[in-house]
Amino acid sequence: MIIDILYERAVRNYGVCVGLDTSYDYLPSYIKDKDAPIAEKIFEFNKAIIDATASQVACYKVQSAYYEALGLQGMKAFSDTLAYIREAGEIVISDVKRSDIAQTAQQYANAHFSGDFESDCITISPYMGYDTLEPFEKYLNEGKVLFLLIKTSNASSADIQDLELATGELVYERVARITSEWGEKFIGANGFSALGAVIGLTYPKDFYNVKEMMKNSFFLIPGYGAQGGTGEDLAEVFKDGICGVVNSSRGIIARHLKSGIDKGFEAEALKGVIEMKEDISRWL
């Protein structure tokens, strides 16, 4: 199962996940100035970062919106990037946040777990209930992984996720409990379910609460770096061992813009990965 491989790589590399949320603005000028389609430019940038960091990370996360915004050229870059990561033997999460039911959800499952946009893991929202998840079960049984949105990293997440129910639970707590129950039939050899959870590091106390409720869940953790999360915030989460992957996107792939480096941007990305690993490891 992919969840077992992901866990092992997360342990080896302190859970570091590089987010290839590639804006055209992040490309160095020498790539922008090439007489080539946008798809080739984006892919050249992504490929260089993957080649430089592959041995140092647990996985990659690719946010589809950055590619969809560029139209057909963007989607070609998206497809090429996913394929390159998987052909290199690395693990990729497509951050697509799908949410629908019945035949539409089945088509989302087919789209992201087979064909031109095949990924190892994707993100979905469970807020429409189990009908959202059911069409993906076939792929979970074949080893794929879903990360369900539980408590997100954005500032207004509390508007809905922190509402109190008649039972006294908060909305996100109810979703966490139900998701944990749903995931019991997909547990791998290392004790983690292929039904994972997205929990933002921007709310560490809420994270600690969810972790206690989701004993067999592996986490996708946004909010590190540019959104304010730190290695210290992960100390409590990882105190019993690595149980998730921690995403950093522009803090790594756009690091060269701060230093003014054009050629050699991939070396700057690698430095960012190494610094992130050091920040996380010193608190464990």
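**Strands and a pocket**

Author: Strand 5 (residues 145-151) and strand 6 (residues 195-199) run parallel, joined by five bridges. Strands are DSSP runs (E, at least two residues), numbered from the N terminus, and helices are runs of H or I, at least four residues. Strands pair if DSSP finds at least two bridges between them.

Author: This is a predicted model: local features need pLDDT of at least 70, side-chain atom pairs pLDDT 80 or more, while totals for chains, interfaces and linings use all residues. Numbering starts from 1 along each chain as its sequence is written, and side-chain values use heavy atoms, without hydrogens and water.

Reader: Which residue is the bridge partner of K151 in strand 6?

Author: I199.

Reader: What packs on the sheet there, touching strand 5 and strand 6?

Author: Helix 11 (residues 204-213), which also touches strand 7 (219-221). Contact means heavy atoms within 4.5 Å. The directions of helix 11 and strand 7 make about 170°; axes are fitted to C-alpha atoms, for helices over the stretch in contact, and angles run from 0 to 180 degrees between N-to-C directions.

Reader: In what order do the eight strands close into a barrel?

Author: 1-2-3-4-5-6-7-8, with parallel pairing. Neighbouring strands are turned by 30° on average, direction ignored.

Reader: Pockets now. Which element gives the largest share of the lining of the second largest pocket?

Author: Helix 15, with four residues.
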